[in-house]
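Subject: Structure handover

Hello,

Here is the structure I promised to pass on. Please load it first, then read the notes below.

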Amino acid sequence: MTSRSITEYFYSPDGVEGHRCGYCGSKDTSVSNGMWAHTLTCQDYENLIDRGWRRSGKYCYKPVMHSTCCPMYAIRCEALKFTLSKSQKSVLKKMRRYLVSGDVAGCPNEREKQKGKDGGHCGEAKGKGKTTATADETTAASGTVGANPSSTTIDHNSVPVVGSQRKGIRASVGADPNKPPCRKAKVARRERREAKKKEKSSQSSDDPKDCSSASSGLGLQRPNMDATCSLKEVASEPPLHSVLAGSADGRKPLEAFLDPHTPAQEKGAGGGTHTLAMTLVQSSPPSPEFKATFSESYALYKKYQMAIHNDEEGDCTEKQFRRFLCDSPLIHAKGPPGWPCGYGSYHHHYRVDGKLVMVGVVDILPTCLSSVYVFYDPDFMFLSLGVYSALREIELTRKMHAGNPDFIHYCMGYYVHSCQKMRYKGNYSPSLLLCPETYVFVPIEACRPKLDRSKYSRLNESAVELEGIDSYIDKVLVLFSRQAMPYGIFKQLVGTDFEAKVREYAGFVGPRVAQSMLLFLSF
């Protein structure tokens, strides 16, 4: 029985009651169905995600899309095709400056700096009515890190300026004809880039080189797996096409911004100020390393919840932490050859100079990495750690693709278009939203106009014929008196007292999951 998914569906004959919404703040307008997962195979949980479900600890929930106040659309990013935005590049460069030189200049600690731009982490988890907040949205406006103390504020109203009367200003005589015309910097960079490509192509025609030397010539090196980078979760390098993804139009891929972040040799030579190490730690069942670092993780979680979400100390108990972010129904399974980890639930530890500064809670599933939650040290908020962790998890997805060609998606929880602060997830491009009626993922660009008109919408216009419940309800697997059987046989033995419950459950989980998981039934 341990290799089977076993769930207990919460059914109410009078309909689902509303509860407080973590997005709009309404008291009883958020409506969702739920079930308690005693055990879940990774494949079953991934199939549930594809039907709009998510988990928080061992509790799985799915919003009733046409009834809830803030419809939540499952969102995922195509990791192999991921392209960085300007603000995401800024976060990576900021981290690089901090690690290499300790520079925190230009690292804003104000909410306004990132409001409306790329948000923080992409995970989604429901715990005590809370939702995942982004790093930038939860930044306390207590001051600006890296501000220049010697800067002076000038009252421009007290300084009269009258055209050419200002001292030192000369009348304009136009452009210097002896100099080349002015051009935009991006135009000049494009021309230099094209010239380099032509030069290298001519050199390669005379002296052919292998793929690895070609990638070096383009300045796109494969990820460095040195000891300082400490990416213990991935032992093998990604395929070359993964590293070069996104560079066809001249843009650098994600790896080009991440590889130099923790230069071991620079650190050893005195050139690097800080080191960053990342480790995947199996959380369920707990590994020895997870047990050894549990107290440290819990202390960090408590500090984060109290500083960022203003939780009371009494609310951040060890029991709540375990139930919310440590307990998992996922059954651990062996990964493909070349993976140092398997499928299941993990805590992704980020350490700066040996100190735990951030933990990303993730599920590794057959074809995707699913982000659950993130918490970090508020003292490092100036580094936009929410954004940084999401980018690192996308990088991890791309690397793990080397061992599993089907491992291509990064699941980011829910996208809530009616909540402005939750729209940041759509900035991880390319992203797709799950249609709540056809269960087909649709590019977010095609969804936004529809969601602007109505917060609930059918996103996929193509005709998709779903299998009717009547065609598979007798095949739904149930667990009764420690015996697994199809619901059709159960009806013959016990009767139809559970008909409404089984029918509702089968409709929400879909035919594939209904015929794979065991639904626990008892009088």
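Which residues of helix 14 are buried? They are K501, V502, Y505, A506, F508, V509, G510, P511, V513 and A514. Keep in mind that this is a predicted model.

**Helix 14**

Helix 14 covers residues 499–514, which makes 16 residues. Its end C-alpha atoms are only 14 Å apart. A straight helix would reach 22 Å at 1.5 Å a residue. Where is the kink in helix 14? It lies at F508, shortly before the proline P511, and comes to about 80°. Both F508 and P511 are on the buried list.

Helix 14 also lies across several strands: strand 1, strand 2, strand 4 (59–63), strand 13 and strand 15 (518–520). Relative to strand 1, helix 14 runs at about 150°.

In what order do the 7 strands of the open sheet run? The order is 3-4-2-1-15-13-14, with mixed pairing. Strand 3 (54–56) and strand 14 (483–486) are the edges, and each pairs on one side only. On average, neighbouring strands in this sheet are turned by 35° against each other, direction ignored.

Some pairings in detail:

- Strand 1 (residues 6–9) pairs with strand 2 (residues 32–39) in the antiparallel sense, over 4 bridges. Here I6 stands opposite T39 of strand 2.
- Strand 13 and strand 14 are antiparallel too, again over 4 bridges. L479 has A484 in strand 14 as its bridge partner.
- Strand 13 and strand 15 run parallel, joined by 2 bridges. On that side, the bridge partner of L479 is F520 in strand 15.

Which way do the side chains of strand 13 (477–480) point? L477 and L479 point one way, V478 and F480 the other way. All four are buried.

Strand 13 and strand 14 form a hairpin. There are 2 residues between them, and S481 in the turn has a positive phi of about 55°. Helix 13 (residues 487–494) lies across both strands, running at about 105° to strand 14.

**Strand 10**

How many residues of strand 10 are buried? The count is 7 of the 7, residues 409–415, so strand 10 is largely enclosed by the rest of the structure. Strand 5 (residues 73–78) is joined to strand 10 by 5 bridges, and the two run antiparallel. A74 has Y414 in strand 10 as its bridge partner. Strand 9 (residues 368–376) runs parallel to strand 10, with 3 bridges. There, S370 stands opposite C411 in strand 10.

**Whole chain**

The protein chain has 523 residues, and 48% of them count as buried. It holds 14 helices and 15 strands. Among contacts with a separation of 6 or more, 72% are between residues 24 or more positions apart. The accessible surface is about 25,300 Å², and carbon and sulfur atoms account for 51% of it.

Best regards

Key
Residues numbered from 1 in each chain as written. Predicted model: local features only at pLDDT ≥ 70, side-chain atom pairs only at ≥ 80, totals over all residues. Heavy atoms only, no water. Buried < 20%, exposed > 50% of the residue type's maximum accessible area, 1.4 Å probe, protein only. Contact = heavy atoms within 4.5 Å. Areas by Shrake-Rupley, 256 points an atom, 1.4 Å probe, with all protein chains shown as cover. Expected span 1.5 Å × (residues − 1). Bend = angle between axes of the 7 residues up to and from the residue. Pairing = 2+ DSSP bridges. Axes fitted to C-alpha atoms, helices over the stretch in contact; angles between N-to-C directions.
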